[in-house]
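This report describes one protein model, starting with a term and then moving from single residues to the whole chain. Please keep the sequence and the structure in view while reading.

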Amino acid sequence: MKLTWKPYTLQFKHPFRIAHGVRTTTPVLFTCIEYDGCIGYGEASMPPYLGETHETAIAFLQKVNLKRFNGLQDIGAIMEYVDQLENKNTAAKASIDIALHDLKGKLEGKPVYKILGADPSLTPYSSFTIGMDSEDGIRQKVIESGDFPILKIKLGGSEDMKILETVRACTSKPFSVDVNEGWKDREQALDFIYRMKEMNVSFVEQPFERSNTEDQAWLKARSPLPLIADESCRRFEDIESCRHFFHGINIKLMKCTGLFEAKRMVVEAKKHQLLLLIGCMSETSCAVSAAASLTPFANWADLDGPLLISNDAFDGIYFEKGKIRLSEGLGIGAIPRVGVFV
Ligand code: MG
């Protein structure tokens, strides 16, 4: 198997405001794995909080020797080898995992959702993200959400209640909120959550910093809305702690090294009756099509990443009035757009 890669930079339609700053671009990297006349595609997305860059991802990929494997019978064994090469680089690892699954599907004549045992008729709706913005900016983004019936509102600053009131003044759509570790005061957090329950909010993602398990446990015992772990739940082994502090987890391929581990996390989460959200970073339709293959197992999905960028590099996943539709194509069902790999 031959591994090659191509760095790429995502441009956002709108500057991307989060609790910790503003971003206008995100580095990503596409991987290609060739075997037996087929090519599998993968993607690593590297938002700053994961600590990866084009340089670190390339340095990692240069260490990977797939020639030692003869075929794709056991992706788990290949990913075990890839994972032990370094402690971190989860996005670079995910780019290999996604390309391996894409390749396996193409060689076996199957879509990846079949390899994962998912029923494509059970896909949920994806939320449409409303990033932190001015009142006018938020109103504009609510208009852009179009026929997506569920929104996800980014919070975590000093104007949270004003943001929610602005959203509620222009739409009655249900929404979830993502605090991105932004809240500091647990009493105030609980007060917010009670007010949000009145506003038809479905769940609250990552209220406190991931290290703050004390306030998280306090809040879980009192919250009238489900609390979902994102930054606190990166990999399979985090589920053991998260199940005590949260009602559910947000699985993202870039945190957990890809589909192989993500599927194991789905099974483990269900064993503990945890609610499941399948999310994404800022990603193209390559990685998001792979993640979408898992959504039939989830309660919710947040896979609007490709809709928030102006230079998607693949065609794959699509939405019908917000409902996720899996491509019938083989592998992850994503095809590179003309000119991306020249
Ligand atoms: Mg989040």
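A residue counts as buried when its relative accessible area is under 20%, as exposed when that area is over 50%, and as partly exposed in between. The model to which these words are applied here is a predicted one.

Lys321 is a case of the exposed class: its relative accessibility is 59%, so it counts as exposed. Lys321 sits in the loop between strand 13 (318-320) and strand 14 (323-325). Its phi is positive, about 50°, although Lys321 is not a glycine.

Thr257 also has a positive phi, near 75°, and is a residue other than glycine. Thr257 lies in the loop between helix 10 and helix 11 (259-271). With a relative accessible area of 5%, Thr257 is buried because the cut-off for that class is 20%.

| Residue | Relative accessibility | Class |
|---|---|---|
| Lys255 | 1% | buried |
| Thr257 | 5% | buried |
| Thr90 | 12% | buried |
| Asp238 | 19% | buried |
| Lys321 | 59% | exposed |

Which side chain is joined to that of Lys255 by a polar contact of 2.7 Å? The partner is Asp230. Lys255 belongs to helix 10 (residues 253-256), and at 1% relative accessibility this lysine counts as buried. Leaving aside neighbours within four places in sequence, Lys255 is in contact with Tyr49, Thr90, Asp230, Cys233, Arg234, Arg235, Asn250 and Met281.

Thr90, one of those contacts, is part of helix 3 (residues 90-108). A polar atom of the Thr90 side chain lies 2.7 Å from the backbone oxygen of Met254. With sequence neighbours within four places again left out, the contacts of Thr90 are Leu50, Glu52, Arg235, Met254, Lys255 and Thr257. Arg235 is listed among the contacts of Lys255 and among those of Thr90.

**Asp238**

Asp238 is found in the loop between strand 8 (227-229) and helix 9 (239-245). Its relative accessibility is 19%, and Asp238 is counted as buried because the class takes in values under 20%. Beyond its neighbours within four places in sequence, Asp238 is in contact with Ser232 and Cys233. Between Asp238 and Ile193 there are 45 residues of separation in sequence and 25 Å in space, taken from C-alpha to C-alpha.

**Helix 6**

Helix 6 covers residues 160-170, and its buried residues are Asp160, Met161, Ile163, Leu164, Thr166 and Val167. An α-helix has 3.6 residues a turn, so residues three or four places apart point the same way. The buried residues of helix 6 pack against helix 5 (135-144), strand 5 (151-154), strand 6 (175-178) and helix 7 (186-198).

**The whole chain**

The protein has 12 helices and 15 strands. Of its 342 residues, 58% count as buried. The C-alpha trace spans about 60 × 40 × 40 Å along the principal axes. A compact globule with 342 residues would have a radius of gyration near 20 Å, and the 19 Å of the protein agrees with this.

Among contacts with a separation of 6 or more, 67% are between residues 24 or more positions apart. The accessible surface is about 14000 Å², and carbon and sulfur atoms make up 49% of it. There are 41 positive and 45 negative side chains, and the centres of these two sets are 2 Å apart.

Key
Residues numbered from 1 in each chain as written. Predicted model: local features only at pLDDT ≥ 70, side-chain atom pairs only at ≥ 80, totals over all residues. Heavy atoms only, no water. Helix = DSSP H or I, 4+ residues; strand = E, 2+ residues; numbered from the N terminus. Rg over C-alpha atoms; globule rule 2.2 N^0.38 Å. Buried < 20%, exposed > 50% of the residue type's maximum accessible area, 1.4 Å probe, protein only. Contact = heavy atoms within 4.5 Å. Areas by Shrake-Rupley, 256 points an atom, 1.4 Å probe, with all protein chains shown as cover. Lys, Arg positive; Asp, Glu negative; His and termini not counted. Charge placed at Lys NZ, Arg CZ, Asp CG, Glu CD. Polar contact = N/O pair within 3.5 Å; in protein donor to acceptor, adjacent residues only side chain to side chain.
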